[in-house]
Amino acid sequence: MERHASCHCGQLVLRCTGEPTKVSLCHCLDCQRRTGSIFSVAAFFSRAQVAVATGTAKAFRRPSASGFDVSFHFCPECGSSLWWEPERLPHLVGVAAGAFADPDFPAPEQAVWSEDQHGWLELPPGIASHPGNPAHAARRE
């Protein structure tokens, strides 16, 4: 299986091979600001499954709620945020699920940072919901 994720103008294209290891929805305020929407959906692939097919990207690095930095890669022409590299999970690359422009793309299996979820939003049944980051919460114990 090979999928292509593209920015809005088409200048930047990622090639992703195989299936994502996880598809996750995030309600955190940082993702809301980054996407301009009320949540983000990420398809996480192993680093070896993702390559830039065409184009060039710019990067923006910021701290995250997990305490680790995340580097976001976006198109310098249209500004679309296409993928990110979480320092907390160095073996994975998160790709914006909407960038695949595929209505049949797999649904998220979990939602994180539901403490920031908009009150009027109802998720489909079967999506596990976590008030924060489940991996981060487990490390605190």
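Which residue takes a positive phi in the hairpin of β6 and β7? I looked there to begin. Gly67 takes it, with a phi near 95°. Five residues lie between the two strands of this hairpin. I note that the model is a predicted one.

**Entry: the hairpin strands**

I looked up the pairing next. Strand β6 covers residues 58-63 and runs antiparallel to β7. Six bridges join these two strands. I also checked what stands opposite Pro63, and found Asp69 of β7.

I then turned to the other pairing of β7. Strand β8 covers residues 81-86. Five bridges join β7 to β8, and this pair is antiparallel.

**Entry: the whole sheet**

In what order do the strands of the open sheet run? I read the order as β6-β7-β8-β9-β4-β3-β10-β11. That makes an open sheet of eight strands, and the pairing is mixed. Which strands stand at the edges? I found β6 at one of these places and β11 (128-129) at the other. Each has a single partner strand, so one side of each is left without a neighbour in the sheet.

**Entry: Ser71**

Is Ser71 buried or exposed? I find it buried, because its relative accessible area is 11%, under the 20% cut-off.

I looked up its surroundings. Setting aside neighbours within four places in sequence, I list Phe60, Arg61, Trp83, Trp84 and Glu85 as contacts of Ser71. Two of these names came up again. The side chain of Arg61 makes a polar contact with the side chain of Ser71, at 3.2 Å. Glu85 is the bridge partner of Ser71 in β8.

**Entry: cysteines**

How many disulfides are there? I count zero. A disulfide would be a covalent bond between the sulfur atoms of two cysteines. I checked two cysteines in turn.

Cys7 is in no disulfide. Its nearest cysteine sulfur is that of Cys9, 3.7 Å away. Cys7 is buried, since its relative accessible area is 6%.

The cut-off I used is 2.5 Å. I also looked up the burial of Cys26. Cys26 counts as buried, because its relative accessibility is 12%.

Technical notes:
Residues numbered from 1 in each chain as written. Predicted model: local features only at pLDDT ≥ 70, side-chain atom pairs only at ≥ 80, totals over all residues. Heavy atoms only, no water. Buried < 20%, exposed > 50% of the residue type's maximum accessible area, 1.4 Å probe, protein only. Polar contact = N/O pair within 3.5 Å; in protein donor to acceptor, adjacent residues only side chain to side chain. Contact = heavy atoms within 4.5 Å. Pairing = 2+ DSSP bridges. Helix = DSSP H or I, 4+ residues; strand = E, 2+ residues; numbered from the N terminus.
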